[in-house]
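Please look over the sequence and the model below. The report that follows walks through a few of its parts.

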Amino acid sequence: MIEIKTIPEGDISTIKIVGDVDASSSIQLDNEIQKVTEQKATKILFDCEELNYISSAGLGVFMSYIQYFEENDIKTGLFGLTDKVQNVFQILGLDQLLYIGTTKEEAKSHIDEQL
C-alpha cells in the first residue's frame, strides 16, 4: 500500500511518499513526478519520512529523472530516509547523484544554495 501526494509550499513542491515503493507502486511515483514536472516545478522535495521500503523499480524511477532534472534546472532533495532506505540509495551510489538530507529544513537549504 502506498500513498503519494504533492504539497505545494511557495515555490517548492513536496512529494510525500508513505508506505512501500515496489514494482507496482513505482508507477504511481513516476506519475506524480511527471505531473509535478509538467506543472513547471523548479524545486522538488521528496518527503521520505514515512517511506518504509523501496525496490529496484522505485529506485529506477528516481534514476530515470536525474538527467531530466539536470537538463531542466530542477533542484531536488530527499529527506527523512530511514537508515534501511538510505542504505539502499548509498549501495547504488544514488546518494552521489541526489541530495539526501536529514530534515526538511536541511533539504530546503540545499535547494536554495543551488540557485
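The backbone nitrogen of Asp-22 lies 2.8 Å from a polar atom in the side chain of Ser-25. That side chain of Ser-25 also reaches the backbone oxygen of Asp-20, at 3.0 Å. A polar contact here is a pair of N or O atoms within 3.5 Å; within protein, one must be able to donate a hydrogen and the other to accept it, and residues adjacent in sequence count only if both atoms are side-chain atoms.

This is a predicted model: local features need pLDDT of at least 70, side-chain atom pairs count only at pLDDT 80 or more, and totals for chains, interfaces and linings use all residues. Residues are numbered from 1 along each chain as its sequence is written, and side-chain values use heavy atoms, with hydrogens and water left out.

Where does Ser-25 sit? Its place is in the loop between strand E2 (12-21) and helix H1 (26-38). Helices (H or I, at least four residues) and strands (E, at least two) are DSSP runs, numbered from the N terminus. Ser-25 has a relative accessible area of 5%, so it is buried. Buried means under 20% relative accessible area, exposed over 50%, and partly exposed in between (1.4 Å probe, protein chains only). Not counting residues up to four places away in sequence, Ser-25 touches Ile-2 and Asp-20. Contact means heavy atoms within 4.5 Å.

**Helix H1 against helix H2**

Two packed helices are described by the angle between their axes and the distance between the axes. H1 and helix H2 (residues 56-71) pack at an angle of about 20°, and their axes are 8 Å apart. H1 is therefore roughly parallel to H2. Axes are lines fitted to C-alpha atoms, for helices over the stretch in contact, and angles run from 0 to 180 degrees between N-to-C directions. Angles under 35 degrees count as roughly parallel, over 145 as roughly antiparallel, 65 to 115 as roughly perpendicular and the rest as oblique.

The crossing of H1 and H2 is right-handed. A crossing is left-handed if the near helix is turned anticlockwise from the far one by less than a right angle, and right-handed if clockwise. Which residues make the contact? H1 brings Ser-26, Leu-29, Asp-30, Ile-33, Gln-34 and Thr-37. H2 brings Ala-57, Gly-58, Val-61, Phe-62, Tyr-65, Tyr-68 and Phe-69. The residues of this contact of H1 with H2 divide into eight nonpolar, four polar and one charged. Ala, Val, Leu, Ile, Met, Phe, Trp, Tyr, Cys and Pro count as nonpolar, Asp, Glu, Lys and Arg as charged, and the others, Gly among them, as polar.

**Two residues of H1**

Ser-26 lies in helix H1. Ser-26 is buried at 7% relative accessibility. Ser-26 and Gly-58 are 32 residues apart in sequence, but their C-alpha atoms are 4.9 Å apart in space. Not counting residues up to four places away in sequence, Ser-26 touches Val-21, Ala-57, Gly-58 and Val-61.

Glu-32 is found in helix H1 too. At 11% relative accessibility, Glu-32 counts as buried. Its contacts, not counting residues up to four places away in sequence, are Ile-4, Lys-5, Thr-6 and Ile-15.

**Helix H3**

Val-85 lies in helix H3, and Val-88 is found in helix H3 (residues 83-91). Is Val-85 buried or exposed? Val-85 counts as buried, at 2% relative accessibility. Leaving aside neighbours within four places in sequence, Val-85 is in contact with Leu-51, Asn-52, Tyr-53 and Ile-54. Val-88 counts as partly exposed, at 25% relative accessibility. Val-88 touches Ile-54 and Leu-59, not counting residues up to four places away in sequence.

Asn-87 is found in helix H3 as well. Asn-87 counts as partly exposed, at 39% relative accessibility.

| Pair | Apart in sequence | Apart in space |
|---|---|---|
| Val-88 and Val-36 | 52 residues | 25 Å |
| Asn-87 and Lys-40 | 47 residues | 31 Å |

**Two loop residues with positive phi**

Lys-40 is found in the loop between H1 and strand E3 (43-54). Lys-40 has a positive phi of about 65° although it is not a glycine. With a relative accessible area of 68%, Lys-40 is exposed.

Asp-73 is found in the loop between H2 and strand E4 (75-79). Asp-73 is not a glycine, yet its phi is positive, at about 55°. At 48% relative accessibility, Asp-73 counts as partly exposed.
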